[in-house]
Amino acid sequence: MTSGKVTKTEQNQNEFRARSEFPTKSPIFIIDDDEMFADCIKKTIKKVDKNLEVIMFKNIIDAMNSLDENLPSLIFLDILLPGPDGFTFLNEIMSYPDTSKIPIILITSLNLEKFDLKVYGIKGILKKDKMKPEEIKVYVERYTN
Amino acid sequence: MNLEVNGILVAAHEMKAPLALMRQLALCLDPEDPNEVREYQQRLISVSERTLKQVSDLSKAARLEDGLFEMEPVAVRNVCDEVESELNSLFRLNSKKLELKYTNKSRLVIANHDLLYSIIYNFCVNAIKYSTANSISRLVVKDQKGHVRVSVRDFGPALPTKIYKKLATNSLNAPVDISFRPDSSGLGLFIATKFANFMHANIGAIRHRDGTSFYVELPISNQASLF
């Protein structure tokens with residue numbers, strides 16, 4: 001017969017289960033209209049920590065609407081998108097104190113290296129034709145821990 | 001920049017995106033996971049096939065005047081069925097669907113089978129790219145005053161007015177600037193326009209608030225149909 005009292009071991013097991021099933025950190029946003037490419041990035045992030053929540057958006061409007069509910073710890077952002085482009089998003093999030101500090105990694109096929117994008121909170125630029133999964137992992141480990 | 005150089009730049013940009021994706025898929029693949037291997041293999045095949053199709057269309061567009069593409073009576077429904085059959089898995093892979101609706105009584109049109117196939121294929125790939133997740137695009141074939149109209153309706157962002165105007169005035173004589181429509185140079189549409197013009201067919205688009213219908217109108221063949 002059980003006493004109804006939760007033992008320390010059971011409590012630890014429950015906490016572990018909760019940590020495994022539900023993400024405990026702020027989500028990571030991936031904003032890219034190429035679903036397959038975004039999915040590759042998501043899989044790489046999940047390999048760093050499978051409990052990280054990753055939210056994918058195909059356009060800026062959906063991502064901006066979601067910012068009200070979820071403040072991400074990191075954003076992977078494509079620049080060329082249908083509708084408003086990545087720069088519109090950068091200008092938007094820079095205008096609010098709570099979102100202006102979010103680290104952003106650009107994922108693009110454009111040559112943006114010559115532009116000074118630090119004012120937009122850009123922490124890195126990954127070229128779509130040259131980037132490696134290890135580089136994504138480095139950014140995830142740096143900005144989610 | 002002259003049209004030819006711009007065209008080469010646009011084509012190069014169009015090839016770059018799928019190649020970068022294929023490279024990324026290969027890099028992300030975990031060889032230890034058989035499910036992932038199967039899934040990524042499927043994706044690699046799908047992306048490479050689409051790219052090969054585009055390269056093949058580009059070569060056809062450059063050789064239209066070489067007498068390689070004869071005009072003949074073509075069973076339009078059969079061509080649509082072939083496109084649907086080839087793209088069905090791609091629609092599914094992108095969580096989308098293609099619905100066919102045939103109401104045409106005239107079965108034969110005057111066209112070239114390969115060029116007509118490419119036009120409809122391009123319309124459908126466009127629908128996959130620009131329609132929203134879980135939406136159902138419609139491939140419709142219907143009679144229209146001496147013509148058969150084949151249209152593909154997608155549900156997503158409306159066609160930019162600038163491309164729409166170019167199509168409406170039949171002045172889409174070069175791929176539009178790559179910054180014009182993100183992730184798309186309009187190359188597929190430019191190729192479709194070239195093929196339609198070669199077949200003396202009308203090509204156009206209808207803007208909807210929730211998407212776009214692209215259509216091609218082909219002259220009806222009066223030859224008795226065997227289909």
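**View 1. Lys128(A) and Asp32(A) are both buried in this predicted model.** Buried denotes a relative accessible area under 20%, exposed over 50%, and partly exposed in between (1.4 Å probe, protein chains only). Lys128(A) forms a salt bridge with Asp32(A), with the closest N and O atoms 3.0 Å apart; a salt bridge is a side-chain nitrogen of Lys or Arg within 4 Å of a carboxyl oxygen of Asp or Glu. Lys128(A) lies in the loop between strand S5 (122-127) and helix H5 (133-144) of chain A, and Asp32(A) in the loop between strand S1 (28-31) and H2 of chain A, so the pair ties together parts that are 96 residues apart in sequence. Helices (H or I, at least four residues) and strands (E, at least two) are DSSP runs, numbered from the N terminus. Lys128(A) also meets Asp78(A) in a salt bridge (3.4 Å, N to O). Asp78(A) belongs to strand S3 (residues 74-78) of chain A, so this second pair with Lys128(A) joins parts 50 residues apart in sequence. The relative accessible area is 10% for Lys128(A) and 5% for Asp78(A).

The model is predicted: local features need pLDDT of at least 70, side-chain atom pairs count only at pLDDT 80 or more, and totals for chains, interfaces and linings use all residues. Residues are numbered from 1 along each chain as its sequence is written, chains are lettered from A and ligands numbered from 1 in the order in which they are written, and side-chain values use heavy atoms, with hydrogens and water left out.

**View 2. Chain A meets chain B through 21 residues of chain A and 24 residues of chain B.** Contact here means heavy atoms within 4.5 Å. About 2000 Å² is buried between the two chains, 57% of it from carbon and sulfur atoms; buried area is the accessible area (1.4 Å probe) that two parts lose on being put together, summed over both. On the chain A side, Met36(A), Cys40(A) and Lys43(A) lose the most area to chain B, together 29% of what that side buries.

**View 3. The interface of chain A and chain B holds 5 salt bridges.** Helix H2 (residues 35-48) of chain A supplies the largest share of the side of chain A that touches chain B, 8 residues. Lys16(B) forms a salt bridge with Asp129(A), their closest N and O atoms being 3.9 Å apart. Asp39(A), Lys43(A), Glu39(B) and Arg43(B) are linked in a network of salt bridges.

**View 4. Lys96(B) occupies the loop between helix H3 (76-93) and strand S2 (97-102) of chain B.** Lys96(B) counts as buried, at 5% relative accessibility. Its side chain reaches the backbone oxygen of Ile128(B) at 2.6 Å and that of Ser131(B) at 2.9 Å. Residues touched by Lys96(B), not counting those up to four places away in sequence, include Glu35(A) and Lys58(A).

**View 5. Arg153(B) and Asp210(B) meet through their side chains in a salt bridge (2.8 Å, N to O).** Arg153(B) lies in strand S5 (residues 147-154) of chain B and Asp210(B) in the loop between strand S6 (202-208) and strand S7 (211-219) of chain B, so the pair ties together parts that are 57 residues apart in sequence. Arg153(B) is buried, with a relative accessible area of 13%, whereas Asp210(B) counts as partly exposed at 38%.

Technical notes: A polar contact is a pair of N or O atoms within 3.5 Å; within protein, one must be able to donate a hydrogen and the other to accept it, and residues adjacent in sequence count only if both atoms are side-chain atoms.
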